[in-house]
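Dear colleague,

Please find the structure below, handed over for your own work.

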Amino acid sequence: MAPGRRIKKWFESLSPASGRDSHRISQRDASDLVPVATKATGAAPSNLSGNAVSQVPAQVEANSQATTSSGSAYRLDSKMANEYLKKIERFRILIMGRANAGKTTILQRVCNSTDEPEIFDGEENKIESDIVQGTLTRGYHDIQHELVFRSNPGFVFHDSCGFEAGSAQEFDQMRNFVTERAVTTRVNERIHAIWFCIPMTDCHRTVTAAEQKFFNECDTRHVPVIVLVTKGDAMYVEAIQELEDEGFEIEEVPEMVAKKEGELRDKCLGHVKHELDRCKFPPKGYVSLQKMNRQDADCTSLMECTANMLNEEGLQRLLISTQQSSIGICVTYAVDKTLRHYMELGFEKNLQVDVEILEGNLLSWFPNCGVNN
């Protein structure tokens, strides 16, 4: 029996008994893609050409500590929300962090690639690699440039290279980019998340003055920032040194090394959280990453944290269906966000399920299914 028929047969068994009131779920009623906005930040329509332009809401962060916007919140109706989300073609991320924080390696793991990204100028014009390398050698970086991997063109990345070195001009350029791209009415230019990389290679200066400046002065209320504590495997050597200082013979208790390494990572992460949570615009989430230099490195925790920080289910769906790190994440979100919702409607509210809509919504969480919601 075809998969669709099996699903249909199972859900037909959930239909209300004859003689009882029932309703059919329409696609509009079943949709949870309702962006949240505040009246203070709603963007006005624009006649600018090029990318699709629409009156769209600014993202509202999940962390209430950073919420200072005045005005009551409102929701778009589901039809308007669906139209807004249909205009978003790719998931766009700004990656930040000091040099040697492992940013490129993380992007390669996320996109399942060992190649360098192709770089575009924002108008879909490719920038030749020799020009890019020349500008990097001279210390010049353009945050407007788009980094795209051939292995997964559904992601678009921007790199904030430069401001961490202390340049006031480049910090202002980065801040303007964040504040503008977080609320732009050109929906295909809007950034959906920021990954801020902080390496564990020097735990005594884990949070620098430049990083504190970003979280105190850059308004990120409309885009979620996730701190990626990178190079956690750097704690291995420090763990051995501490155990030897305590008089242990490492050859005799190898399991203690892993335990001590975990303790040091937790301590370092706790220090980062303590420092940044006190800032004016603190991060929305934290992820500790290890062994990202390996091609089989696991990006599941990064994808899950990023998805959980998004306030719109449509953006969660876009991210989960774009990532290629784990099919398990697709299954989890398809079950938790879609199947569970329909089961509750069927069991608790005696609503008859439209099987075709259910199948489409389930498949939309998976990559390369060709399903457009």
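**Findings**

At 53% relative accessibility, N112 counts as exposed. Please bear in mind throughout that the model is a predicted one. N112 is placed in the loop between α4 and β4 (118–120), just after α4. Its phi is near 55°, a positive value in a residue other than glycine.

K291 lies in the loop between β10 (285–288) and α10. With a relative accessible area of 39%, K291 is partly exposed.

**The chain as a whole**

The chain contains 13 helices and 10 strands. Of its 373 residues, 49% count as buried. Among contacts between residues at least 6 apart in sequence, 76% join residues at least 24 apart.

**Helix α4 and its surroundings**

Helix α4 covers residues 103–110, and six of its eight residues are buried, so the helix is largely enclosed by the rest of the structure. The buried residues are K103, I106, L107, Q108, R109 and V110. Their packing partners include strands β3 (91–97), β6 (146–149), β7 (152–159), β8 (193–199) and β9 (225–230). A helix, α10 (300–309), is also among the elements against which the buried residues of α4 pack.

T300 lies in helix α10. T300 is buried, with a relative accessible area of 18%. Leaving out residues up to four places away in sequence, T300 touches S326 and I329.

**Cysteines**

How many disulfides does the structure hold? The number is zero. For C111, the closest cysteine sulfur is that of C299, 9.1 Å away, which is too far for a bond; a disulfide would need the two sulfur atoms within 2.5 Å. C111 counts as buried, at 0% relative accessibility. C279 is buried as well, with a relative accessible area of 8%.

**Two loop residues**

V207 lies in the loop between β8 and α7 (209–217). Is V207 buried or exposed? At 15% relative accessibility, V207 counts as buried. Not counting residues up to four places away in sequence, V207 touches R98, Q212, V272, E275 and L276. One of these partners, E275, is 68 residues from V207 along the chain, yet their C-alpha atoms are separated by 7.3 Å.

F281 is placed in the loop between α9 (254–276) and β10. F281 is buried, with a relative accessible area of 7%. Apart from its neighbours within four places in sequence, F281 is in contact with F215, N216, E217, C218, D219, T220 and R221. The C-alpha atoms of F281 and Q212 are separated by 9.8 Å, while the two residues are 69 apart along the chain.

**The pair α12 and α13**

Two packed helices are described by the angle between their axes and the distance between the axes. For helix α12 (residues 327–348) and helix α13 (residues 355–363), the axes come within 9 Å and cross at roughly 165°. That angle makes α12 roughly antiparallel to α13, because any angle over 145 degrees is counted in that class. The crossing in which α12 passes α13 is right-handed.

Which residues make the contact? On the side of α12 they are A334, T338, L339 and Y342, and on the side of α13 they are I357, L358, N361 and L362. By class, the residues of this contact divide into six nonpolar, two polar and no charged. An α-helix has 3.6 residues a turn, so residues three or four places apart point the same way.

**Points to check in the viewer**

The sulfur atoms of C111 and C299 can be displayed together, 9.1 Å apart. The contact of α12 with α13 can be shown through its residues, among them L339 and L358.

With kind regards

Terms used
Residues numbered from 1 in each chain as written. Predicted model: local features only at pLDDT ≥ 70, side-chain atom pairs only at ≥ 80, totals over all residues. Heavy atoms only, no water. Axes fitted to C-alpha atoms, helices over the stretch in contact; angles between N-to-C directions. Helix = DSSP H or I, 4+ residues; strand = E, 2+ residues; numbered from the N terminus. Parallel < 35°, antiparallel > 145°, perpendicular 65-115°, else oblique. Left-handed = near helix turned anticlockwise from the far one by under 90°. Contact = heavy atoms within 4.5 Å. Nonpolar A, V, L, I, M, F, W, Y, C, P; charged D, E, K, R; others polar. Buried < 20%, exposed > 50% of the residue type's maximum accessible area, 1.4 Å probe, protein only.
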